[in-house]
Amino acid sequence: MGVKGLKLKTSCMHSYLRLKRWLIFFVLITFGLFTSCIEEIIEPEEDVEEELTVHSYTLNKTGNIGLPYANPMGIASDDENLWIIFGAHNAEEHQLVYYNPNTHEELKSFVYHDLIEELGTGVYGLTWDEEYVWISVSGNTNKLVKVSPDSGEILQTWTSPTTLGPSDLAWDRDLIWIGSGTGPIYTINPASGGSEHKWTHLPNEDRDQGIAIRDDEVWVSSLFQDNDVHIYNRLTGAHLGYIPDGVVRGGRFCFYQGKLTVLDASGVKFYEIIE
């Protein structure tokens, strides 16, 4: 091989080595950047507790009453009196009572033996749609039951979107709101039983317990976060704030004559809302 041929071969070899080094460098840089992008996407961020603004409402407890039967499970109001349903989880019998909280008089009382069809099921929420009483049944059987307020007769049964419970009910003069007990909140068309939309979760994926509507506000109590009450805009779903733990303790609730009315095992508590 001549000198010219050797120089050409050496030059080609040097070019090949330079190209190889640049290729390796390019691959390393590209892979490094790509890896960092993947890490940025899939690596979970640190849990940051949501910043919540304490609602401007102040609750002042004005009274409480005992109840005539054990195991109160759901409460609703027609703003004159209260509807309360009694009966433990898996109970064979439930009693729906129309009750005057001022005179402690039972104005109406209806007994049911067919609300629970399968064990692992409970009767939880009530609401009044200005014409009928609705009962929420959740667990291994999930349904909404429409009842005549005059005779107590079961008029209609719809399948419910709940899966577990406790599932409270509320009425906004158009749709029935149903808390699933697991976080999501649904609106139900009472005429068709169809679900209008799946609404929201409580902060930190907490489970809901009670639900009530006051004008354009939806009040939702949490099941595990010390019974915090979170308040949302009914129209937009915006979180307006919350009433912290220790203020309201109990399960399901409603509004009665402008007061937050909370049901628990010991009876009913009334809270004046100060703005």
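**Overview of the fold**

The model is predicted. Of the 275 residues in the protein, 47% are buried.

**Contacts and surface**

- Among contacts with a separation of 6 or more, 44% are between residues 24 or more positions apart.
- The protein exposes about 14800 Å², and carbon and sulfur atoms supply 52% of this area.

**The largest nonpolar core**

- In soluble globular proteins, nonpolar side chains tend to be buried together.
- Here, the largest nonpolar core has 19 residues, and Trp83, Ile85, Leu96, Leu126 and Ile135 have the most contacts inside it.
- Two or more residues of this core come from each of β2, β3 (82-86), β4 (94-100), β5 (105-112), β6, β7 (133-139) and β8 (143-147).
- Strand β6 gives the largest share, four residues.
- Beyond its neighbours within four places in sequence, Ile85 is in contact with residues including Met73, Leu96, Leu115, Val123, Leu126 and Ile135.

**The largest pocket**

- The largest pocket holds about 600 Å³ of space.
- Its lining has 26 residues, of which Ser77, Trp171, Arg173, Ile213 and Phe255 are the closest to the pocket centre.
- The elements that each give two or more residues to this lining are β2 (72-77), β6 (121-128), β10 (169-171), β14 (208-214) and β18 (253-256).
- By class, the lining comprises 14 nonpolar, four polar and eight charged residues.

How values were computed
Residues numbered from 1 in each chain as written. Predicted model: local features only at pLDDT ≥ 70, side-chain atom pairs only at ≥ 80, totals over all residues. Heavy atoms only, no water. 1 Å grid on protein atoms, 1.4 Å probe; cavity = no way out; pocket = protein on both sides within 12 Å on 5 of 7 lines; lining within 4 Å. Points joined across faces, edges and corners; volume = space filled by probe spheres on them. Nonpolar A, V, L, I, M, F, W, Y, C, P; charged D, E, K, R; others polar. Buried < 20%, exposed > 50% of the residue type's maximum accessible area, 1.4 Å probe, protein only. Contact = heavy atoms within 4.5 Å. Areas by Shrake-Rupley, 256 points an atom, 1.4 Å probe, with all protein chains shown as cover. Core = buried A, V, L, I, M, F, W, Y, C linked by side-chain atoms within 4.5 Å.
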